[in-house]
Amino acid sequence: MKRITTILLCIAVGLAVLGVPAAVGAVTGKLEIVHWWTAGGEGEALDAIAALFESLYPEVELIGASVAGGAGTVAKGVLQTRILAGNPPDSFQVHAGMEVRGHILAGVLEPITDLLDPAVFPKAVLDLCGYEGEVYCVPINVHRPNTLWVNKEIVDELGIAIPTLSDFDVFVAACEKAKAAGYVPLALGEAWTVNHLFGSVLLGALGPDGYRGLWDGSVPFTDPGVTLALERMKTLVGYANVDHAALSWDAAAQMLVDGKAVFNIMGDWAEGYFKAKGWEPGVDFVWASAPGTRGSFILCIDAFGVPKDAANKEAARAWVKTIASIEAQDIFNPVKGSVPSRSGADKSLYDVYLIWSMNDFATSELVPSLAHGGVLEALAGDIGDIINIFVTKPDVAGAQGSLNRAAIDAGL
Amino acid sequence: MIKERTKEKLISIGLVSPTVLAIGIFVYGFIGWTIKLSFSDWNTFAKLLKGKFKFVGLSNYIKLLFQDPRFPSDLWNTLFFTILFLLGCVTLGIILALLLDRGLKGSIIFQNIYLFPMAVAFVVTGTAWRWIFAPGISAYPQGINLLFSKLGLDALRWRWFVSIEHIGPFNLALIPVVIAATWQLSGYTMAMCLAGLRGIPSQLIEAAQVDGASGWQVFWGVKFPLLRPIILSAMIILGHISLKIFDLVFSMTGSGPNLAVDVPALYMFETTFERLRYARGAAIAIIMLIMVSFIIIPYLISSMKREAKK
Amino acid sequence: MNTSPRANKITLYIVMVVFALFFLLPLYVLFATALKSFSEVSASRMWNLPTIISGEGFAKALEKLLPNLLNSFYLVIPATAFSAILGSLNGYIFSKWKFKGSDIIFPIILFGMFIPYQSILPPLVRFLMSIKLYNSIPGLILTHTVYGLPITTLIFRTYYTEVPTEVVEAASIDGAGILGTYWRVLFPISLPGFVVVIIWQFTNIWNEFLFAIVITSSPAKQPITVALVNLAGSQIVEWNAQMAGALLAALPPVLIYILLGRYFLRGLLAGSVKG
């Protein structure tokens with residue numbers, strides 16, 4: 001027994017001394033990564049993972065080119081023009097789903113299936129990261145967009161029961177109560193957050209299968225579920241703050257912190273915001289699945305791929321390999337406020353909300369995101385426009401017709 | 001001598017030819033390319049990368065004009081924005097010019113204050129105006145609403161650029177954007193009118209005054225008719241600016257609340273550079289070009305004719 | 001009239017002051033917010049003056065925007081110089097050495113200053129990519145030089161039209177060629193024309209946004225206007241730094257305006273194609 005241990009130890013040391021550094025030593029040069037993580041916690045999370053990478057590959061000079069601006073829309077434009085110019089960065093941030101599919105179909109990315117272990121990633125996640133059996137990008141984290149955030153003090157004061165809030169009708173009744181008490185029931189923000197809300201509402205109205213079907217064309221937008229979603233959207237917007245179009249998502253979340261509003265439906269990056277404002281999870285704020293979406297988990301996945309034209313492909317492969325490891329994901333995600341895209345996380349590193357999300361991720365139906373690159377981008381953009389107009393002129397039939405035309409226009 | 005002339009002619013043509021060539025390519029060549037693009041199917045990233053044109057006729061234009069949820073309202077917004085903006089700039093410009101034309105002590109300081117916004121970038125002023133017109137919610141007013149409420153003018157509180165009220169196709173949310181644009185550019189009409197007023201021979205005005213005309217009558221009877229051509233050309237310059245307005249809206253409101261302040265330039269930018277529908281974006285750009293041409297080409301022709309007469 | 005001239009005067013001053021307040025309002029908001037510390041910035045106190053003047057906003061804005069401020073200078077100075085020099089030569093030819101067709105070519109060039117630039121953007125982007133100038137300051141310099149030519153040509157043409165043709169003819173009879181005449185006779189008296197054009201181009205290129213945001217995609221290459229907007233685009237906005245940044249971005253053109261306002265005005269009036 002002792003002998004075996006010694007042998008194993010020798011092998012391990014040998015690997016560490018000879019094998020790994022030898023392989024690592026081969027990777028040198030500059031590695032340019034384009035991402036859109038600029039704000040507080042996001043920047044720190046990336047710095048942490050960059051530090052890990054640099055300790056593994058000390059010969060590589062990591063250059064992070066961050067591009068600020070609403071959920072990466074600016075960064076994406078920048079990136080696409082660079083790709084068109086034949087000058088892509090060595091690796092870049094991309095949302096898993098149709099967004100990365102666009103790059104795959106355009107022949108921008110190369111397969112990296114050999115760099116990750118398919119057993120530790122959920123199939124639904126790998127499906128969003130790849131195409132026809134090959135994987136083209138490594139998911140670094142998972143955010144949950146369909147989360148309802150609740151100001152605990154106010155719901156306690158109003159006597160609203162939290163566990164059933166994910167039921168749409170219960171939620172509407174709670175909104176009514178909050179409104180009567182003089183609060184803004186639902187804090188809402190600018191255009192993209194309205195589209196984000198619509199994603200949750202569609203999922204709630206159609207269920208996970210119907211919702212998925214919308215994006216591959218198997219369920220048409222003329223489906224009665226879409227009618228129901230639009231009706232529900234109309235109801236919800238009626239409970240929102242009238243100045244929503246002037247507010248960024250964090251300003252909307254701030255309405256909860258300020259005690260002006262009771263609920264907010266936002267991705268779980270809002271949790272990081274609440275904590276930064278000194279709120280404690282479970283004490284000052286609580287959460288639930290967005291109304292109607294219990295049992296489903298919308299996937300907002302940030303991933304990194306390797307372009308075929310990357311200047312330093314070796315370093316880029318080393319980078320995506322690093323972020324696929326659980327060590328890297330456990331460094332990154334507790335700071336970012338998201339959960340690992342794979343199994344094997346050390347739960348002691350995560351806070352009470354993230355553990356909830358992790359468990360939910362493991363057990364729920366996983367579906368793509370409307371507002372975060374999960375579905376065809378041009379279609380998501382058009383839906384954003386249509387919903388934005390619908391908020392002003394709640395013509396259900398008209399909006400549904402427009403949605404259907406947009407889907408056909410997008411080739412579904 | 002004749003040889004000399006030919007040589008001179010060649011030199012002069014040679015001197016302007018770089019410019020002619022540059023404008024030929026960068027303006028007319030590129031416009032031609034954009035027109036071609038607008039008839040193509042380059043509406044996805046993959047097709048763009050492949051770089052092959054497929055002609056689809058007018059389908060981009062038809063989609064925009066007849067099936068698009070956004071573009072028709074952009075055109076309405078442009079129409080109302082232009083009308084209000086021109087009205088604002090002309091009225092305010094004339095009033096300011098008349099005030100300054102009195103030649104009171106210190107006028108030059110006021111003139112500089114009225115004109116300074118013209119030196120400032122739209123994206124700078126857009127930032128400030130966004131902050132001013134953000135309305136807050138009724139219990140917690142912000143910006144100008146807060147100011148009104150402090151001054152006891154609560155009746156004036158309004159939702160400004162997040163308003164969803166509309167009179168027919170006219171979105172009231174445009175009003176704050178019009179105010180910001182008028183603030184920025186009314187100095188232009190003021191400067192034009194002031195130059196015009198100073199060019200009016202004083203005998204004309206004195207003669208009218210001797211005839212017993214009131215200040216008002218002097219304005220309408222003498223000054224205004226003389227200013228009219230100046231105001232018209234100011235309106236053309238400002239009108240074409242308003243048709244292509246982008247920076248201010250982009251930085252102040254974005255396409256904003258429920259697309260109530262969306263304009264073609266903004267939609268073109270998003271369509272082309274964010275959604276990568278180059279062909280659709282090109283069609284928007286060409287529609288904008290046609291609108292601008294309608295007011296600029298006659299203006300250029302008449303300017304040149306007037307010059308030729310001189 | 002029954003009002004005394006004095007009362008009349010006071011009324012006029014009051015009216016002018018009210019308008020001045022309207023024109024200064026955004027400036028007040030910019031300064032009041034820029035000079036507050038981050039902890040004091042809030043929507044409910046936006047009209048209050050800062051309790052303590054804080055340099056925090058300016059320090060942060062300068063830290064983040066200084067490279068972009070420099071980019072703007074690298075862009076504006078050459079682009080202004082090139083378009084002014086070419087414009088001067090063009091203006092000279094189009095006013096003093098008209099050739100057959102020059103009266104047709106001139107308005108055709110002039111049209112280039114009125115077009116919505118959206119209508120040339122997609123090919124422009126691809127063209128700059130093909131000559132490897134996309135996402136670079138030189139690419140922006142080229143763009144601004146070319147699209148600045150119509151207005152600089154126009155201003156110089158108007159300016160030189162007022163120079164008596166006899167002066168030019170006299171010089172050319174003395175044997176000076178076209179360029180010699182330009183160099184000896186016109187260039188020395190062109191200073192006011194150059195000042196007008198330089199101010200006009202400097203202000204316009206400095207303040208320009210559409211070309212800048214489309215052509216320079218990396219933050220390190222962007223001029224100040226784009227960097228300023230991106231500052232607001234980040235997720236949590238530090239309003240004091242934002243407003244301070246806006247003031248920094250506005251400073252160079254406003255300084256020029258204050259120092260050389262008279263010429264600024266002339267550029268403004270020249271822009272309107274007077275016949």
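**Salt bridges, strands and interfaces**

Me: Arg70(B): buried or exposed?
Reply: Buried, because its relative accessible area is 0%. Buried means under 20%, exposed over 50%, partly exposed in between (1.4 Å probe, protein chains only). Areas come from the Shrake-Rupley method, and for residues only the protein chains shown count as cover.

Me: What sort of model, and which conventions?
Reply: This is a predicted model: local features need pLDDT of at least 70, side-chain atom pairs count only at pLDDT 80 or more, and totals for chains, interfaces and linings use all residues. Residues are numbered from 1 along each chain as its sequence is written, chains are lettered from A and ligands numbered from 1 in the order in which they are written, and side-chain values use heavy atoms, leaving out hydrogens and water.

Me: Back to Arg70(B). What does it form a salt bridge with?
Reply: Glu270(B), with the closest N and O atoms 3.1 Å apart. The pair links distant parts of the chain, 200 residues apart: Arg70(B) is in the loop between helix 3 and helix 4 (71–101) of chain B, Glu270(B) in helix 12 of chain B. Glu270(B) counts as buried too, at 16% relative accessibility. The salt-bridge rule wants a side-chain nitrogen of Lys or Arg within 4 Å of a carboxyl oxygen of Asp or Glu. Helices (H or I, at least four residues) and strands (E, at least two) are DSSP runs, numbered from the N terminus.

Me: Which network is Arg70(B) linked into?
Reply: A network of salt bridges that includes Asp409(A), Arg277(B) and Arg280(B).

Me: How far apart are Arg277(B) and Asp409(A)?
Reply: 3.8 Å, N to O, in a salt bridge. That pair crosses between chains, from the loop between helix 12 (264–274) and helix 13 (278–309) of chain B to helix 16 (residues 396–409) of chain A.

Me: And Asp409(A) to Arg280(B)? How far?
Reply: 3.4 Å between the closest N and O atoms, again a salt bridge. This pair also crosses between chains, from helix 16 of chain A to helix 13 of chain B. Arg280(B) is buried at 6%, and Arg277(B) counts as buried at 5%. Asp409(A) is partly exposed, at 23%.

Me: How many salt bridges over all chains?
Reply: 23 in the whole structure.

Me: New topic. How many salt bridges cross the interface of chain C and chain B?
Reply: One. Glu307(B) forms a salt bridge with Arg157(C), at 2.7 Å between the closest N and O atoms.

Me: How much area do chain C and chain B bury?
Reply: About 8300 Å², 80% of it on carbon and sulfur atoms. Met16(C), Phe23(C) and Phe114(C) supply 9% of the area that chain C buries against chain B, more than any other three residues. Buried area is the accessible area (1.4 Å probe) that two parts lose on being put together, summed over both. In contacts (heavy atoms within 4.5 Å), 84 residues of chain C touch 90 of chain B.

Me: Strands now. Which strand of chain A pairs with strand 6?
Reply: Strand 11 (residues 296–305), antiparallel, over six bridges. Pairing needs at least two DSSP bridges. Pro139(A) has Ala303(A) as its bridge partner. Strand 6 (residues 137–143) is mostly covered, with seven of its seven residues buried.

Me: Where is Phe304(A)?
Reply: In strand 11 of chain A. Phe304(A) is buried, at 0%.
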